[in-house]
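Hi everyone, thanks for coming. Please take a moment with the picture on the screen, and then we'll walk through it together.

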Amino acid sequence: MIQLYGHEVSGNSYKVRLFLELLGLDYEWVQVDLMQGAHKAPEFLALNPFGQVPVLVDGEVNLADAQAILVYLARQYGGDTWLPTEALPLAQVVRWLSTAAGEVRQGPENARLYHLFKVANINIERSHQKAEHILTQLDKHLHSRLWLEFERPTIADIAVFPYVALARDGNIDLDAYPNLLAWIERVKQLPGFIAMAGV
Ligand SMILES: N[C@@H](CCC(=O)N[C@@H](CS)C(=O)NCC(=O)O)C(=O)O
């Protein structure tokens, strides 16, 4: 059976958990106690030398990084629905995986780390500026669209969703972004959707 190593407050772990649920796959959740430093213990470092959750184990497959895991699950279990195969549509989806790991991480994800988890070495003014920029861009992008790409949800939506939906944890008010709020509600209506605290 698939095993997902993660932590309940980790938006990156939630990202994978959400997609496993949307795909209707059976999996075992393995809690890695980040607060006790279990992610830096030798047993976990053997799974992911980066010392980070999430990690997915599927038989012989051992994969770290939420975006990489979404790609694996989409291709292995999701047909062509969640991740197209042709060059341009594939690139259009990957663009949003990069945005999740780049602009969204530098903005709302870091603001949440600062405000909720008191991580001190974060430039919070810069995180808020970055957050305002990417949330504004996403809101504009979603002005005339239901989903980030195409007429259906893809892993682009799943990758970007968690830390946007969790923005309030970083003292970011989403009321100024009505198209984003409508998109968040659409994601929440997907069959199999599960929440985490703060979403
Ligand atoms: N690029 C990784 C980043 C994963 C990540 O930052 N995980 C956090 C929890 S959300 C973590 O394990 N932090 C502990 C650490 O970096 O020491 C991904 O997208 O999965």
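**Two helices side by side**

Let's start with H3 and helix H6 (residues 155-165), which pack at an angle of about 150 degrees with their axes 10 Å apart. Helices here are DSSP runs of H or I, at least four residues, numbered from the N terminus. The axes are lines fitted to C-alpha atoms over the stretch in contact, and angles run from 0 to 180 degrees between N-to-C directions. That angle makes H3 roughly antiparallel to H6, a label for angles over 145 degrees.

Who makes the contact? From H3 we have Gln-67, Leu-70, Val-71 and Ala-74, and from H6 Ile-155, Ile-158 and Ala-159. In contact means that C-beta atoms, placed from the backbone, lie within 7 Å. By class, these residues are 6 nonpolar, 1 polar and no charged. Nonpolar covers Ala, Val, Leu, Ile, Met, Phe, Trp, Tyr, Cys and Pro; charged covers Asp, Glu, Lys and Arg; the others, Gly among them, are polar.

A quick word on the source: this is a predicted model, where local features need pLDDT of at least 70, side-chain atom pairs count only at pLDDT 80 or more, and totals for chains, interfaces and linings use all residues. Residues are numbered from 1 along each chain as its sequence is written.

Now the ligand. Gln-67 turns up again, in a shell that also includes Ser-10, His-39 and Asp-65. Near means a C-beta atom, placed from the backbone, within 6 Å. Helix H1 (11-23) and helix H3 (66-77) each supply at least two shell residues. The shell has 4 nonpolar, 7 polar and 1 charged residues.

Notes: Parallel < 35°, antiparallel > 145°, perpendicular 65-115°, else oblique. Contact = placed C-beta atoms within 7 Å.
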